[in-house]
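Thanks for coming. Please look at the model on the screen while I go through some of its strands and helices.

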Amino acid sequence: MARKRPSEAAPAPPNLDFRAPGDDAWYEVRLAVEEDVEGEAALRVMYCNFSGAFDELYPADRFASLRELEEFAGRFRPTSVQLQDEECRMVVEGTEFCASHTFGDRDVRFYDAVVESVRRSKHRSVNGEAICNCTFEVLWKHGPLAGERTPINVQDMCIMEQKWPQNPTLDHFLDIARNRFNGNDKTSKQAIDPERSPLKPMFGEKNYYAFWIDNLEKDLSPITMNDFIYEQTSLSSQVELSYSVLPVMSCSGMVLLRTEKDAQKLLDFLLDPAHIVVSSRGRPWFVRDDWCRKFEGAMPRYEVKRSNRVQQDSSKLKLAYKGTKEYERAKELQGLRCEFHNHLECIYRRLESEERILLTGRE
């Protein structure tokens, strides 16, 4: 659960937020790995400021597939921090926050929301401190208010940390659970049924997958694109950009991944109707589900390492969320790009047909 910034004397807060399956809200939690009643490794999720009766136990063998396990891992993130009154200027249209909503008198819960509009008001001063009077119209992304718009104030907003949480307890549990699928856990009591798994069997290291993504900014660097994909999906990839001989304002990129699981996860992210990847100028990425291919042979090495530094141009890529003006504009631009590609395909088919006639003398 998002929380107020602690004072100097306050103890360090637990470093994870967890989106609870029960009500889909974010809560502050502590974690521990222990054995369940059957002697299997399990993750205990302990809700801060709640009694032990609310603890939840997640056995490592409860996940039917790697995808289900990764979806569970995606429910954790570093603890959100309360937005301060003097920081309200950082709130602009399209910004995503973890925000609180009060149900009834005292039932306060936290959900993610996207700012749709901002109404600025002059700050007032109380005991020498500035108090923000601005109002922010937000679109709720999940929970009981998903898809609805409501006004909130700065005290309802918390800054989210999007990077993968650095938590040894969570990492240890996920390693145990993943090893069950890799056949490394000798105590596993449940074999993986390929018919039940949403993923096909993995291919060996002599295979890799490539995505083609179009309509990229020409000044986009492969490292920035690589880092953005990792921050959004936790996928390690390699990127190469290419430029068309046509007089167009954009370029294309090839993203390489090692496994079919990773390729499917990236495809799901890119085609998710809830958002569109756009540049800071509003140019949307364009990709189709048939623009992914499996190749045999060693994977080429382009950008073999992600950058460990904070990229100065990381703001060149962001997500435009459904329901915002930015999303609608990006959707319209994607439609134009789709028409362009369909037109090119018709021209190429005609070119191939006429070349064949000239080269072979047969229609």
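Cys-98 has Cys-158 in strand 13 as its bridge partner. Strand 13 covers residues 157-159, and two bridges join strand 7 to strand 13, running antiparallel. Two strands count as paired if DSSP finds at least two bridges between them. Helices (H or I, at least four residues) and strands (E, at least two) are DSSP runs, numbered from the N terminus.

A word on the source: this is a predicted model, where local features need pLDDT of at least 70, side-chain atom pairs count only at pLDDT 80 or more, and totals for chains, interfaces and linings use all residues. Residues are numbered from 1 along each chain as its sequence is written, and side-chain values use heavy atoms, with hydrogens and water left out.

Strand 7 (residues 96-103) also pairs with strand 8 (residues 107-119), antiparallel, over eight bridges. Phe-97 has Ala-113 in strand 8 as its bridge partner. These two strands make a hairpin with three residues between them, and Gly-104 in the turn has a positive phi of about 75°.

Next, an open sheet: four strands, order 15-16-14-18, with antiparallel pairing. Its edge strands, each pairing on one side only, are strand 15 (238-242) and strand 18 (292-296). Strand 15 pairs with strand 16 (residues 250-257) over five bridges, and Ser-242 has Ser-252 in strand 16 as its bridge partner.

Last, helix 1 (residues 66-73). Which of its residues are buried, meaning under 20% relative accessible area with a 1.4 Å probe, protein chains only? They are Leu-66, Leu-69, Glu-70, Phe-72 and Ala-73. These residues lie on the same side of helix 1, because they cover an arc of only 155° around the axis, taken from the directions from the helix axis to the C-beta atoms.

Technical notes. Buried means under 20% relative accessible area, exposed over 50%, partly exposed in between (1.4 Å probe, protein chains only).
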